[in-house]
Amino acid sequence: MLSKLELLKCSSYFSGLGSDELEAISGLVFEKSYKNGAIIILEGEAAEALYFVASGVVKVFKTSSDGKEQTLAIIRPRETFNEVPIFDGDVNPASVQAMTEVMLYGIRVRDIGNILHTYPLVSTNVIRIMAGRLRHLIALVEDLSFRHVIGRVAKILLEYATDGTSPGPRLTQREMASMAGTAREVVSRSLKNLEKDGFIKIDRQRIIIKDREALNNIVSPLFETNVTDG
C-alpha cells in the first residue's frame with residue numbers, strides 16, 4: 001500500500017509541486033478503512049472530504065426511486081472520488097460503496113480550500129481533471145444510448161476481467177448489469193454467448209479473456225441496427 005506522501009506524488013491533483021510542498025500537504029491527509037460492502041458515502045449528504053484509494057476497490061453509483069442501481073465508476077488504487085461536491089459546495093451526487101476491504105486517504109473540505117489558495121497550480125490541475133471526469137460521463141451516456149448491450153458487456157470485460165496472470169475487481173453479474181444499464185439476466189445471456197463464441201472462458205468465479213481482438217471488434221461499432229436485448 002502506498003504511503004500518504006507516495007500517493008500525493010503520483011496524484012494528478014498535485015502534479016508539478018515540489019517535495020516540500022507535498023510534505024506539507026501530507027500533514028493534512030487522514031486515513032479511513034472500510035470492510036467489503038460498507039457504504040462510504042451516501043447520495044444527498046453533505047460532502048466531507050476528497051478521497052484517494054490507497055488499497056482496495058470502490059464503486060460510485062446512483063439509485064433510482066424504485067431501487068434500480070446504475071454504477072457510474074469503479075475506483076481503484078491511486079484514483080480519487082467525491083470531487084464534484086468538494087469543489088462546488090453541494091451535496092454528494094452519488095453514493096460510494098467498498099467492493100473489497102478498502103483503505104482510503106482523505107483531505108477535508110476546509111483543507112482543500114486552503115490548498116487551492118496556497119498552491120494555485122493545484123487549481124489548474126483540478127480543471128484538467130474535472131474535464132476528464134466530464135469526458136468519462138459523456139462516454140457513459142454514449143454507451144447507454146447507442147451501444148448494444150453485448151458491446152457494453154464486452155467493454156466492461158476489457159476493462160476489468162483478468163487475463164489469468166493478474167487479479168482485478170471481482171464483479172458479480174448484478175454489478176456488471178448495473179454498469180451496463182441492463183438486467184442481470186441479459187448480462188448472463190451475453191456472457192454465455194461470448195463464451196460459446198470462444199471469446200472468453202468462465203472459470204468458476206473468474207472470467208478470462210481468450211480473444212481480446214474479438215471483444216474489441218464487438219465494442220467498436222457504436223451504432224447497431226439489430227438490437228434484440230436491452
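Which residues on the other side of α4 are exposed? The first view of this predicted model gives the answer.

**View 1. Helix α4 has buried residues and, on the other side, exposed ones.** The helix covers residues 109-118. D111, I112 and I115 are buried. Seen down the axis of α4, these buried residues fall within an arc of 105 degrees, so they line one face of the helix. R110 and H117, on the other side, are exposed.

**View 2. The largest nonpolar core holds 26 residues.** Seven names mark the members that touch the most others: L157, L171, M176, L191, L194, I200 and L215. Two or more residues come from each of these elements: α6 (149-160), α7 (173-180), α8 (184-196), β10 (206-209) and α9 (212-219). Helix α6 provides the largest share, 7 residues. In soluble globular proteins, nonpolar side chains tend to be buried together.

**View 3. L171 is in contact with residues beyond its sequence neighbours.** Neighbours within four places in sequence are left aside here. The contacts of L171 are then I74, M99, I156, Y160, M176 and M179.

**View 4. Helix α7 is largely enclosed by the rest of the structure.** Of its 8 residues, 6 are buried, so the helix is largely enclosed. The buried residues of α7 are E175, M176, A177, S178, M179 and A180.

How values were computed: Residues numbered from 1 in each chain as written. Predicted model: local features only at pLDDT ≥ 70, side-chain atom pairs only at ≥ 80, totals over all residues. Heavy atoms only, no water. Buried < 20%, exposed > 50% of the residue type's maximum accessible area, 1.4 Å probe, protein only. Helix = DSSP H or I, 4+ residues; strand = E, 2+ residues; numbered from the N terminus. Arc of directions from axis to C-beta. Core = buried A, V, L, I, M, F, W, Y, C linked by side-chain atoms within 4.5 Å. Contact = heavy atoms within 4.5 Å.
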